[in-house]
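The exercises below ask the reader to work from the model to a description of its helix packing, its core and its backbone. Each task is followed by a solution that goes step by step.

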Amino acid sequence: MITFVISLLLLVLGYFIYGRIVERVFGADAKRPTPAITMEDGVDYVPMKPWRIYLIQFLNIAGVGPICGAIMGAQFGASSFLWIVFGSIFAGAVHDYVSGMISMRENGCNLPEIHGKYLGSTVKQIMRWFMVFMLVLVGAVFVSTPALLLKSNFTPNMSIYVWVIAIMAYYLIATLLPIDKLIGKIYPLFGFLLLGMAIAIVFAFVKYQPHIPEFWEGLQNKHPQAVHNPIFPMMFISIACGAISGFHATQSPLMARCMTNEKQGRPIFYGAMITEGVVALIWAAAAAYFFGPNSPVDTAGQGGPAMVGIIANTWFVPVVAVITVLGVISAAITTGDTSLRSCRLIVAEALNMDQKPIRNRLFIAIPIFLLTTAVLVFSLSSPSGFDVIWRYFSWNNQLLSAFTLWAITIYLVENKKGHWYWITLIPALFMTMVTSSFIFVAEKEGLGTVLSRPVGYTIAAVITLGLLSFFFYRMKSMRKE
C-alpha cells in the first residue's frame with residue numbers, strides 16, 4: 001500500500017511542478033485570442049466553461065484504456081506502477097499538452113496537419129489515413145466493450161446486437177450534433193461517475209487492506225506467461241492510455257476549439273492526462289491484488305472487462321457494483337462517440353469540406369459508420385476477433401504517440417525553445433524503441449517471434465538511433481536557415 005500512496009503523490013506533484021515547467025516552456029499566453037472566440041460556428045467551435053471542457057477531455061481520452069489496459073498491465077507486477085507514474089508525468093501529459101496547445105495556436109487544426117507542418121507532407125498524408133483507420137478501430141472497440149458488459153451483467157439472455165445497434169445509433173447522433181448539444185451536456189455527469197468509481201475502489205483499499213505489490217519486493221515480471229511476454233515492450237503496449245496514448249492527440253483539437261484562454265491548457269490537457277494516470281494507478285493496484293497469490297477468487301485467464309466485474313462484485317454491495325460497471329460502460333461509450341467525431345473532422349479537413357451543413361456531416365459520417373460496423377461484426381463473430389482488434393489498436397496507438405512526439409519536438413526547436421526540446425525528444429526516443437521492438441519481439445500466435453529477442457532489440461535500437469541522428473542533422477539545418 002505504501003508504493004500505491006507514493007505513486008499517487010508523485011502524480012499530483014507532477015501536475016503542479018513539471019506541468020508548470022512545461023507550460024512555461026510552451027509560453028501559454030492568456031491574452032492571445034483562441035479559435036473558440038475568433039472562429040465560433042456553433043457546431044465545432046463553441047466556447048464552453050473550463051470545468052466542462054476538462055471533464056469532456058478526460059472522458060474523451062479515458063475510455064476503458066486506463067481501466068482494462070491497466071488491469072492487463074498489472075499482471076507484470078510493481079513495474080507497472082512505475083510506468084503509469086513516470087509515463088504520465090514525463091511522456092503522456094507532455095504529449096497531450098503540447099500537441100493540444102499547438103492545435104489551438106493553429107486554429108484548432110487536427111493532428112495530421114501538425115504532422116504535416118513539422119514532419120513533412122508525405123508523413124501528413126500517411127498519418128491522416130493511418131489515424132482514420134485507428135479511429136475506426138477505436139469506434140469498434142468501444143462499441144463491442146460496452147455491449148459485452150451490458151449483455152453479461154444485465155441482459156444475459158438478450159442478443160448482443162440489440163445493444164450494438166443502440167450504441168451505434170447514439171454514436172451517429174453524437175457525431176452529427178453540435179458539440180455543446182449532447183456531448184457538452186451529458187459528459188460532465190459521466191465524468192463524475194468515472195471519478196466516483198475510482199474513489200470507491202480507494203475506499204475498498206482502506207476497508208479490506210489488500211496486499212498491493214511494493215517496489216522493494218522486486219520489479220520482476222510476474223505475468224502468468226512471462227516467458228512469452230517480456231516487460232519491454234509488452235507492458236508499455238498494454239498500458240497505453242494510462243501512461244501515454246497517441247489517440248489523445250486526436251481528441252485534443254475538439255477541446256482546443258472550445259477553450260477561451262490559453263492558460264486553460266495546463267488543467268485541461270496536462271491535468272486530464274494526470275487524472276487518467278490516477279485512475280489507471282487505482283485499477284492497476286486493485287488488479288495486482290486480484291492477480292496475486294492472496295486473491296479471494298480465481299482470476300486465471302480473465303481479461304480486462306471480466307476483471308472489472310470480478311473486482312466490483314467482490315468488494316462492493318450490489319448497488320455500488322452496478323454503478324461501477326456502469327461507470328466503465330460510460331467510459332467506453334464517451335470515447336467511442338468522440339473518436340468517430342474526430343474521424344469525421346479529419347476526413348472533412350482532408351476533403352476541405354465545410355461541416356456546418358448537416359448534409360456534409362452525413363456525407364462523411366455514413367461511410368465511416370459502415371466501415372466501423374464491418375470491423376465490429378468481425379470482432380463479434382470471431383472468438384479472437386476482439387483480441388486482434390485490441391492488439392492492433394494498442395500498437396497503432398503507441399506508434400501514433402511516437403510520431404506526435406517527434407512532431408512537437410520539431411515545433412519546440414523551430415520556435416527556439418532552447419534545449420527544452422529534450423522534454424519531448426526523450427519520450428519520442430523511448431516510444432520509438434517500444435514500438436519498433438514490438439514488431440520484432442512480440443510473439444505471434446502459433447508462430448513465435450519474427451526474430452530472436454537480441455536481434456529484435458538490436459534492430460529497434462538501430463532504428464531509434466538512426467532517427468536521433470536524422471533529428472540532429474535536421475536541427476542543424478534549421479538553425480542555419
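**Exercise 1.** At what angle do α15 and α16 pack, and how far apart are their axes?

*Solution.* Before starting, note that this is a predicted model, in which local features need pLDDT of at least 70 and side-chain atom pairs count only at pLDDT 80 or more, while totals for chains, interfaces and linings use all residues. Residues are numbered from 1 along each chain as its sequence is written, and side-chain values use heavy atoms, with hydrogens and water left out.

Step one is the geometry: the axes of α15 and α16 lie 10 Å apart, and the angle between them is about 125 degrees. Here axes are lines fitted to C-alpha atoms, for helices over the stretch in contact, and angles run from 0 to 180 degrees between N-to-C directions; the helices themselves (H or I, at least four residues) are DSSP runs numbered from the N terminus.

Step two is the class of the angle. Angles under 35 degrees count as roughly parallel, over 145 as roughly antiparallel, 65 to 115 as roughly perpendicular and the rest as oblique, and α15 and α16 are therefore oblique to each other.

Step three is the contact, meaning heavy atoms within 4.5 Å. From α15 it is made by Leu340, Cys343, Arg344, Val347 and Ala348, and from α16 by Arg361, Ile364, Ile368, Phe369 and Thr372. By class this contact of α15 with α16 has seven nonpolar, one polar and two charged residues, where Ala, Val, Leu, Ile, Met, Phe, Trp, Tyr, Cys and Pro count as nonpolar, Asp, Glu, Lys and Arg as charged, and the others, Gly among them, as polar.

**Exercise 2.** Describe how helix α4 (residues 50-62) packs with α15.

*Solution.* The two axes come within 7 Å and cross at roughly 90 degrees, which makes α4 roughly perpendicular to α15. On the α4 side the contact uses Leu59, Asn60 and Ala62, and on the α15 side Ala331, Thr334, Thr335 and Thr338. Sorting these residues by class, the contact of α4 with α15 has three nonpolar, four polar and no charged residues.

**Exercise 3.** Which residues of α6 meet which residues of α12?

*Solution.* Begin with the geometry: helix α6 (residues 79-105) packs with helix α12 (residues 246-256) at an angle of about 40 degrees, the axes being 8 Å apart. That angle makes α6 oblique to α12, and the crossing is right-handed. The residues that meet are His95, Asp96, Ser99, Gly100, Ser103 and Met104 in α6, and Gly246, His248, Ala249, Ser252, Pro253 and Ala256 in α12. By class, the contact of α6 with α12 has four nonpolar, seven polar and one charged residues.

**Exercise 4.** Which residues have the most contacts inside the largest nonpolar core?

*Solution.* A nonpolar core is a set of buried Ala, Val, Leu, Ile, Met, Phe, Trp, Tyr and Cys residues joined through side-chain atoms within 4.5 Å; buried means under 20% relative accessible area, exposed over 50%, and partly exposed in between (1.4 Å probe, protein chains only). The largest such core has 160 residues, and Tyr270, Trp283 and Trp315 have the most contacts inside it. Helix α13 (residues 265-291) gives the most to this core, with 19 residues.

Glu276 is also found in helix α13, and Glu276 is buried, with a relative accessible area of 0%. Leaving aside neighbours within four places in sequence, Glu276 is in contact with Phe58, Ile61, Ala62, Pro66, Cys241, Gly242 and His248.

**Exercise 5.** Find where the backbone has a cis peptide bond and where residues other than glycine have a positive phi.

*Solution.* Most residues other than glycine have a negative phi, and most peptide bonds are trans. The bond from Phe232 to Pro233 is cis, with omega near 10 degrees, and Pro233 is found in helix α11 (residues 231-238).

Phi of Asn352 is near 55 degrees; Asn352 is in the loop between α15 (318-351) and α16 (358-381) and is exposed, with a relative accessible area of 71%. Phi of Lys416 is near 55 degrees; Lys416 lies in the loop between α17 (385-414) and α18 (422-441) and counts as exposed at 72% relative accessibility.

Technical notes: Helix = DSSP H or I, 4+ residues; strand = E, 2+ residues; numbered from the N terminus. Left-handed = near helix turned anticlockwise from the far one by under 90°.
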